[in-house]
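Here is a friendly walk through one protein model, told as questions and answers.

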Amino acid sequence: MCRQDVLRLKKSVKPLDIVLAIETTIQADSTTEQSRAAADGSIYQKGDVLYCTYKEAADGGEIRHTIKIASGRVTILRRGAVEMRQQFIPSRKTEGEYKTPYGLFPIAAKTKELQFAWDEKRLRGQLLLAYDLWIKGNYTGFYTVKIVMEGAQS
């Protein structure tokens with residue numbers, strides 16, 4: 001089932017500092033792998049697009065993440081030690097690319113679920129993505145990514 005809810009921040013381009021809790025589950029064959037991470041970032045709206053940005057430390061250096069949330073689609077961009085661009089559109093298989101020190105790999109995702117909600121009063125929101133992923137044409141599994149965003153305490 002595919003569900004897409006996109007709610008908006010007030011019409012402001014001033015970034016709001018947020019704390020992110022990121023939970024990823026990968027189901028491949030008969031195994032399930034889960035990971036959790038936390039990061040500081042920001043969220044802001046520009047036109048009809050909501051942007052969430054944060055940084056992550058990795059073995060090869062820092063990775064800068066930008067998540068663009070628009071009506072009916074999400075695009076994830078990663079820059080730095082690892083580079084990636086992938087768009088997620090419910091019920092569609094979309095092509096992207098993943099670049100590592102070992103080379104550039106074509107990737108594809110078929111989005112099963114996309115949900116985003118933001119509570120302006122509580123300064124809290126959640127993005128949920130569920131998708132099948134292929135790397136270099138090989139199926140790698142079913143991914144569920146849940147990102148909870150909360151306004152940082154001043």
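## Strands, a pocket and rings

Q: What is the bridge partner of C52 in β4?
A: This is a predicted model, and in it C52 is bridged to I67 of β4.

Q: What makes β3 and β4 a pair, and what do they form?
A: With at least two bridges required, the nine bridges between β3 and strand β4 (residues 61-70) meet the rule, and the pairing is antiparallel. β3 and β4 form a hairpin with two residues between them.

Q: How many bridges join β1 to β2?
A: There are 13 bridges, and the two strands run antiparallel. One example is I26, whose bridge partner in β2 is E33.

Q: Why is D29 called exposed?
A: The label needs a relative accessible area over 50%. D29 has 87% relative accessibility, so D29 counts as exposed.

Q: Where is L123, and what is its phi?
A: L123 is in the loop between β8 (103-119) and β9. Its phi is near 50°, which is positive in a residue other than glycine.

Q: Why is L123 called partly exposed?
A: Partly exposed covers the range between the buried limit of 20% and the exposed limit of 50%. L123 has 29% relative accessibility, so L123 falls in that range.

Q: Why is the aromatic pair of Y44 and Y51 called stacked?
A: The whole structure holds four aromatic pairs. For Y44 and Y51, the rings are 5.2 Å apart centre to centre, with 15° between the planes.

Q: Why is Y51 called buried?
A: Buried means a relative accessible area under 20%. Y51 has 17%, so Y51 is buried.

Q: Which residues form a cluster through ring pairs?
A: F88, Y131 and Y143 are linked into a cluster by ring pairs.

Q: How do you know that K93 lies over the face of W134?
A: NZ of Lys has to be within 6 Å of the ring centre and within 35 degrees of the ring normal. K93 is at 3.9 Å from the ring centre of W134, and K93 lies over the face of that ring.

Q: What is the volume of the largest pocket, and which residues are the closest to its centre?
A: The volume is about 760 Å³. Of the 28 lining residues, the closest to the centre are T24, H65, R78, Y131 and V145.

Q: Which strand supplies the largest share of the lining of the largest pocket?
A: β2 does, with seven residues. By kind, the lining divides into 18 nonpolar, five polar and five charged residues.

Notes:
Residues numbered from 1 in each chain as written. Predicted model: local features only at pLDDT ≥ 70, side-chain atom pairs only at ≥ 80, totals over all residues. Heavy atoms only, no water. Helix = DSSP H or I, 4+ residues; strand = E, 2+ residues; numbered from the N terminus. 1 Å grid on protein atoms, 1.4 Å probe; cavity = no way out; pocket = protein on both sides within 12 Å on 5 of 7 lines; lining within 4 Å. Points joined across faces, edges and corners; volume = space filled by probe spheres on them. Nonpolar A, V, L, I, M, F, W, Y, C, P; charged D, E, K, R; others polar. Phe/Tyr/Trp six-rings, centres within 6.5 Å; stacked < 30°, edge-to-face > 60°. Buried < 20%, exposed > 50% of the residue type's maximum accessible area, 1.4 Å probe, protein only.
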